[in-house]
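Visitor: Please show me how to read a protein structure, one feature at a time.

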Amino acid sequence: MKAAAVVGPNAILQTAAALEAQGGRALAARIFDAAGLALRLDDPPCEMVPQGEAAALLRALHATLAPETARRVAGEAGRRTGEYILAHRIPGPVRFMLRIMPARFAGPALMGAVARHAWTFAGSGTVSCETRPRVALVIGDNPLAVDGCDWHCAVFETLFRRLVHPRARVDHPMCCARGNGLCRFEVDTGV
Ligand SMILES: [Zn+2]
């Protein structure tokens with residue numbers, strides 16, 4: 001039997017932190033309850049988690065909160081995840097090299113690195129990246145897709161703003177949650 005697909009714990013850990021920042025522990029408890037993950041709040045995961053848990057939590061934001069609040073919390077969770085990756089997953093010399101490279105080289109280099117670490121966020125989805133005409137990441141059958149994919153957009157935007165260009169922007173023109181077969185994230189690297 002095929003092992004259940006997993007993703008990194010940050011979608012859960014950083015969503016908990018973003019919910020607590022938004023509305024305290026009570027709000028976090030309400031959303032984790034709605035996602036069927038009450039135990040994860042008191043006993044946070046430190047290893048990979050079943051992708052269904054991360055997906056349930058991201059969906060519970062939209063099912064429970066007002067649309068703009070859900071999007072703000074998902075975006076804040078993504079920003080926190082991006083900051084965690086910067087601090088703990090990208091070696092200092094690599095950060096330094098990306099920052100001093102011209103954006104037109106740093107953008108594709110960073111996207112390649114993101115794609116190589118796709119096992120942390122893509123689960124059972126298939127991942128490919130493109131470097132032209134725009135730097136883009138494509139996740140086929142994205143298991144964590146929620147309309148707008150604000151969590152993903154914020155993760156990628158944080159990384160590209162901190163390492164490639166401070167005004168880098170991520171567009172999400174195609175989304176599994178909108179009936180497309182894939183989630184496409186395009187990065188405007190400011191060049
Ligand atoms: Zn999407």
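**Reading the features**

Visitor: Which way do strand S4 and strand S6 pair, and over how many bridges?

Guide: Strand S4 (residues 135-140) and strand S6 (residues 182-188) are paired in the antiparallel sense, with six bridges. In general, the strands of a sheet are paired by backbone hydrogen bonds, and they can be parallel or antiparallel. Here two strands count as a pair if DSSP finds at least two bridges between them. Strands (E, at least two residues) and helices (H or I, at least four) are DSSP runs, numbered from the N terminus. As an example of a bridge, Ile-139 has Cys-183 in S6 as its partner.

Visitor: What should I know about the model and its values?

Guide: The model is predicted: local features need pLDDT of at least 70 and side-chain atom pairs count only at pLDDT 80 or more, while totals for chains, interfaces and linings use all residues. Residues are numbered from 1 along each chain as its sequence is written, and side-chain values use heavy atoms, with hydrogens and water left out.

Visitor: How are S3 and S4 joined?

Guide: S3 and S4 run antiparallel, joined by five bridges. One of the partners is Val-138 in S4, which faces Ser-128 across a bridge. Pro-133 is in the loop between S3 and S4.

Visitor: What is the peptide bond from Arg-132 to Pro-133, cis or trans?

Guide: As a rule, most peptide bonds are trans, and most residues other than glycine have a negative phi. The bond from Arg-132 to Pro-133 is cis, with omega near 5°. As for phi, Asp-141 has a positive value, near 50°, and belongs to the loop between S4 and H7. Cys-149 has a positive phi too, near 45°.

Visitor: Which protein donors hold the zinc ion?

Guide: Ideal angles at a metal are 109.5 degrees for four tetrahedral donors. The zinc donors here are Cys-149 (SG), His-172 (NE2), Cys-175 (SG) and Cys-183 (SG), at 2.1 to 2.3 Å. Donors are N, O and S atoms within 2.8 Å of the metal (3.2 Å for Na, K and Ca); water is not among the atoms, so sites may look incomplete. The angles among the four donor atoms are 100 to 117°, and the site is tetrahedral. Four donors count as tetrahedral if all angles lie between 85 and 135 degrees; four count as square planar and six as octahedral if opposite donors are over 155 degrees apart and all others between 65 and 115; anything else is irregular. Along the chain, the donors have the spacing C-x22-H-x2-C-x7-C. Cys-149 is in the loop between S4 and H7 and His-172 is in strand S5, so this pair ties together parts 23 residues apart in sequence.

Visitor: Is Cys-149 to be called buried or exposed?

Guide: Buried means under 20% relative accessible area, exposed over 50%, and partly exposed in between (1.4 Å probe, protein chains only). Cys-149 counts as buried because its relative accessibility is 2%. His-172 also counts as buried, at 11%. Asp-141 is exposed, with 59%.

Visitor: How many aromatic pairs does the structure hold?

Guide: An aromatic pair is described by the distance of the ring centres and the angle of the planes. The structure holds two such pairs. In one, Phe-121 and Phe-156 are edge-to-face, 5.6 Å centre to centre with 70° between the planes. This pair links Phe-121, in the loop between H6 and S3, to Phe-156 in helix H7, 35 residues apart. Phe-156 also forms an edge-to-face pair with Phe-185, 5.2 Å centre to centre and 75° between the planes. Rings of Phe, Tyr and Trp (its six-membered ring) pair if their centres lie within 6.5 Å; planes under 30 degrees apart count as stacked, over 60 as edge-to-face and the rest as tilted. Ring pairs link Phe-121, Phe-156 and Phe-185 into a cluster. Phe-121 and Phe-156 are both buried, and Phe-185 is buried with a relative accessible area of 0%.
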